[in-house]
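Here is a short walk through one protein chain, written to be read with the model open beside you.

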Amino acid sequence: MCWNGINKLADRKKIKNNPRQRPWLTASLLGLLLIITLAAAFYFIFLRAGYTTGPVRPVYQYNQPHASTRLIIPVSQKRPFIAKIAIVIDDIGNQKKLAEEIMALDLNLSFSILPYRPFSKILARKAVSLGRDVLLHLPMEPQDHKWNPGKGALLLSMSRADILTTLTGDLAQVPMAAGVNNHMGSAFTENRAAMGTVLTDLRQHKGLFWLDSMTTPRSVGFAMAREMGLVSARRDIFLDNIQKSTAIIKQLDKLVNLARRQGHAIGIAHPHPETLKALKRYQYTLRQKVQLVGIKTIMLM
Ligand SMILES: [Zn+2]
């Protein structure tokens, strides 16, 4: 090989190794770099950042609560105000089975026990064992004498001493009573002197509350009890004057609406088969719409 041949070979190598002299290679490298840059940008902007053009669908995982269950609800919204109702079942003591069936209802009913009746004591004890409030259902003289209030009744013809002795005997029949309400008594409860004797004794010696059954609109019992500072209330609605379950349910509806308007309400019912039927049919509604309380709770409000 001559020197000239060697120089030509060296020139060819120089051309091959000098990029300035191969622009297509440079363009390819720059193009490749651009594609990589764009791909990386696409990945970070659209895929990794969670971008989506469709509707966002939540992804749930086991053991990971949904966001809505982690909401903290203020206490005031958790337990809104709820009206209170107390239902007193009067005239307890004459019959056992029906009274026991009514006592078995999960309605926090209160029971007012007549003195000297065949099942007075056993039913009073039963009610207490179930945690129910118990009252003495105090027999009092009615206006219409075709109605007999029964043994232990307070009469307008009695002396003050007789009234007090009779009252003490009646209370001994139901010693667990927290209060007293009147059985009949449309004549007796209209008389200020007679009611004064009873209510003063309840406040000073017995420590019991007075629930006026309001068997007459002219009863002075509630107003007098308030005047003398005796814990007292009066019945709002008689539930079963008409002994038909549909009529009793209408009365229960009225009681619920009244309680919602005034915050609380007192109903009085009796141990009738239709009353039991109505209470059974309406019990779910009662539990949903109001708080069922014993009569003592309303007395202390
Ligand atoms: Zn009665």
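Let's begin at M214, which counts as buried because it has 22 C-beta neighbours inside 10 Å. The cut-offs are these: a residue is buried if 20 or more other C-beta atoms lie within 10 Å of its own, exposed if 12 or fewer, and partly exposed in between, with C-beta atoms placed from the backbone. M214 sits in the loop between β5 (209-212) and α8 (221-227). Although M214 is not a glycine, its phi is positive, about 55°.

D91 is another non-glycine residue with a positive phi, here about 60°. D91 belongs to strand β1 and is buried, with 20 other C-beta atoms within 10 Å.

## About the model

This is a predicted model, in which local features need pLDDT of at least 70 and side-chain atom pairs count only at pLDDT 80 or more, while totals for chains, interfaces and linings use all residues. Residues are numbered from 1 along each chain as its sequence is written.

## The chain as a whole

The protein chain contains 11 helices and nine strands; these are DSSP runs (helices H or I, at least four residues; strands E, at least two), numbered from the N terminus. Of its 301 residues, 33% count as buried.

Two residues are in contact if their C-beta atoms, placed from the backbone, lie within 7 Å. Among contacts with a separation of 6 or more, 70% join residues 24 or more positions apart.

## The nonpolar core

The largest nonpolar core has 60 residues, and V88 and I113 have the most contacts inside it. Such a core is a set of buried Ala, Val, Leu, Ile, Met, Phe, Trp, Tyr and Cys residues joined through C-beta atoms within 7 Å. Strand β1 (residues 84-92) gives the most to this core, with six residues.

Which residues does V88 touch, not counting those up to four places away in sequence? They are S110, S112, L135, N181, L211, I266, I268 and I295.

## Helices α9 and α10

The axes of α9 (residues 245-262) and α10 (residues 273-289) come within 9 Å and cross at roughly 30°. Axes are lines fitted to C-alpha atoms, for helices over the stretch in contact, and angles run from 0 to 180 degrees between N-to-C directions. The two helices are therefore roughly parallel (under 35 degrees; over 145 is roughly antiparallel, 65 to 115 roughly perpendicular and the rest oblique).

In α9, S245, I248, I249, L252 and V256 meet residues of α10 including E274, Y282 and K289.
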